Amino acid sequence: MNLKEILEITWLSLTVSGSAAVLSMLVGLPVAIFLYFRRFPGKKFVVTLINTGMGLPPVVVGLFVALLFWRSGPLGFLQLMYTPAAMIIAQFIIALPLVVGLSLAALEQVDPDVLLQARALGASGFQLIAVLLKEARMGQLAAIIAAFGAVISEVGAVLMVGGNLKGYTRVLTTAIVQETRMGNFRSAVSLALILLALSFLVNWFLTSIQQKGANRWKNPSWK
Amino acid sequence: MEKPELEVRNLKLFARNKPILNLPHFELRKGEGLVLFGPNGSGKSTFLRVLSFLQMPDRGEIYYQGEKAGPHNRRQLSLRVVHLLQKPVFFRGSVRDNLLSGLKFRRVQAREQEARLEKISALFHLVPLLNRLPDQLSGGERQRVHLARAFILEPEFLFLDEPFNGLDVEFRDKLMADFYRIRKATGVTTILVTHIRDEAVYLADRIAIMLEGNILQTGTPEEISSAPATAEVSRLMGQEVLVEGVVEGSDGGLLEIKTCGQVIRAFGQQQRGQRVLLTFRPEEVILAVDRPATSVRNWFYVEIRDIRPFDRMFLVLLDCGFRLKAFVSRASVEELRLEPGRKIWAGIKASAITTWPGQADGEQDI
């Protein structure tokens with residue numbers, strides 16, 4: 001395995017899992033906000049489903065996405081099977097309940113009196129959401145950290161819908177599986193170290209944003 | 001006639017079919033400082049939330065400056081009002097951010113924001129605190145920021161829910177004096193909620209007495225103290241229940257009431273044979289070693305049961321067949337050598353006792 005190949009695999013891992021995490025945030029956060037503000041019959045059931053979904057086995061997700069995009073499946077005409085797009089979709093489904101569940105939990109941690117006081121000071125509906133998100137942003141960063149962590153490390157779904165095609169859909173996790181099967185432990189360990197380093201770097205970046213926010217809250221010296 | 005600044009008609013709110021608010025009519029005049037006074041759980045905070053549209057009533061109409069509130073103008077009317085909740089909660093950010101938050105919600109221009117910040121932080125002595133975080137402030141400082149956050153918006157109506165709660169006495173008195181001065185200077189129409197009588201009397205142009213979702217009486221502190229509408233109002237305004245008795249004789253409004261082997265004289269409109277409830281103010285009771293020859297009509301030879309320090313005064317519990325309380329100064333305690341077990345004379349003017357129809361008449365329950 002040459003360097004170019006390793007860089008390609010690493011880059012694909014980062015873009016597929018990064019896109020899935022960002023997409024899940026873009027969809028999941030509004031869903032969490034909706035669930036926070038709205039009362040409707042069956043809400044408890046929906047929230048329980050979402051919380052259950054946080055532990056969704058990637059192979060199960062892979063199976064259903066594969067059934068969906070299989071040539072004879074309902075979305076087969078899109079011809080997305082064994083493409084990076086299918087991998088992003090599968091990882092997005094894995095990440096979504098995590099983002100919704102953890103974001104909702106973070107929003108519910110906000111003191112309701114803060115929102116009531118914001119309304120009493122004249123906040124409009126959108127301003128109220130802005131106050132809520134600002135108050136809960138630590139929890140939202142935790143949600144995106146958890147979502148990215150879950151999808152960058154999973155192998156079941158990307159293997160099933162991506163197919164581990166060399167130079168096209170091979171990512172770090174599927175490459176590690178492949179190299180291990182072939183007995184190339186040196187390559188497998190190298191890829192594993194890269195995966196760990198990548199995971200660490202992304203989390204380092206997100207955590208430092210989170211901690212900066214936390215420090216701003218605690219430390220008086222900022223302006 | 002000039003329209004009231006705020007008017008409420010037939011307001012009703014229920015919770016689990018139990019009435020929480022029942023206000024046939026309520027109004028507020030321009031620049032007025034009204035204190036909503038009543039015990040905890042009487043519906044005061046709920047009423048404020050309804051007025052500032054944070055909670056919807058089940059029935060009734062609210063008019064701001066003659067404009068009837070409805071779904072079409074609720075948001076716009078709500079911007080004339082600032083409502084400070086009882087608990088001072090702060091948003092993420094510094095004191096400055098918190099002071100500016102309301103102005104940002106109202107999209108006030110940046111230059112105007114800075115001008116108002118400068119003015120308000122000087123008025124509330126907040127300049128050295130602007131870059132601090134709310135977590136780093138003392139209770140008193142937090143309360144000051146909380147109040148300033150309302151005044152900075154220069155609202156037409158200011159609703160404050162127990163704004164001096166939980167402060168130490170010295171600081172509370174100072175902040176109350178500052179608040180009174182600033183309110184008078186700005187002329188903002190205010191409703192302040194409190195369950196503390198001294199606060200109500202000190203801050204109010206008018207007091208509205210609230211109990212179980214109803215407003216029992218509205219008037220200046222003097223009007224309410226001198227002529228409480230019901231026995232509950234008199235009790236809330238600091239009168240103590242003396243005793244219940246039966247009218248034995250009546251002479252031009254001066255009643256002779258027999259109870260517990262004593263005769264008490266008080267003014268009232270009740271008829272002979274009627275049961276009456278008597279209330280009085282403990283600070284109007286006079287204590288003496290020898291019975292003095294004065295115009296005081298009621299003198300009782302009483303035994304001292306207990307003496308306790310009570311808010312800069314001493315509370316003396318007396319037994320004269322019924323329970324009597326008196327507030328006396330430290331000097332009096334020493335001069336009269338008051339101590340439990342000792343017998344002395346206690347006097348109270350007939351005019352210092354208020355009479356109410358007694359419980360047997362089925363009208364008052366206290």
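**Reading the model, feature by feature**

Modeller: Following the sequence of chain A, you get the pattern α-α-α-α-α-α-α-α-α-α. Keep in mind that this is a predicted model, where local features need pLDDT of at least 70, side-chain atom pairs count only at pLDDT 80 or more, and totals for chains, interfaces and linings use all residues. Residues are numbered from 1 along each chain as its sequence is written, and chains are lettered from A and ligands numbered from 1 in the order in which they are written.

Biologist: How many helices and strands does chain A have?

Modeller: Helices (H or I, at least four residues) and strands (E, at least two) are DSSP runs, numbered from the N terminus. Chain A has ten helices and zero strands. Its C-alpha trace spans about 65 × 50 × 25 Å along the principal axes.

Biologist: What percentage of chain A counts as buried?

Modeller: A residue is buried if 20 or more other C-beta atoms, placed from the backbone, lie within 10 Å of its own. By that rule, 36% of the 223 residues of chain A are buried.

Biologist: Which residues touch the most other members of the largest nonpolar core?

Modeller: In soluble globular proteins, nonpolar side chains tend to be buried together. A nonpolar core is a set of buried Ala, Val, Leu, Ile, Met, Phe, Trp, Tyr and Cys residues joined through C-beta atoms within 7 Å. Here the largest one has 121 residues, and those touching the most other members are A:Ala90, A:Ala95, A:Val99, A:Ala147, A:Val161 and B:Ile209. Helix H4 (residues 84-109) of chain A brings the largest share, 17 residues.

Biologist: What is A:Ala95 in contact with?

Modeller: Contact is when the C-beta atoms of two residues, placed from the backbone, lie within 7 Å. Setting aside neighbours within four places in sequence, the partners of A:Ala95 include A:Ala20, A:Ser24 and A:Ala147.

Biologist: And how many residues does each chain put into the contact between A and B?

Modeller: Chain A gives 17 residues and chain B gives 19 residues. On the side of chain A that touches chain B, H5(A) gives the most, with six residues. The buried residues of H5(A) pack against H6 of chain A together with strand S6 (81-84) of chain B.

Biologist: Where does chain B divide into domains?

Modeller: Domain bounds come from an automatic or database domain assignment. Chain B is divided into domain 1 (6-235) and domain 2 (239-361), and their C-alpha centres lie 39 Å apart.

Methods: Buried ≥ 20, exposed ≤ 12 C-beta atoms within 10 Å, placed from the backbone.
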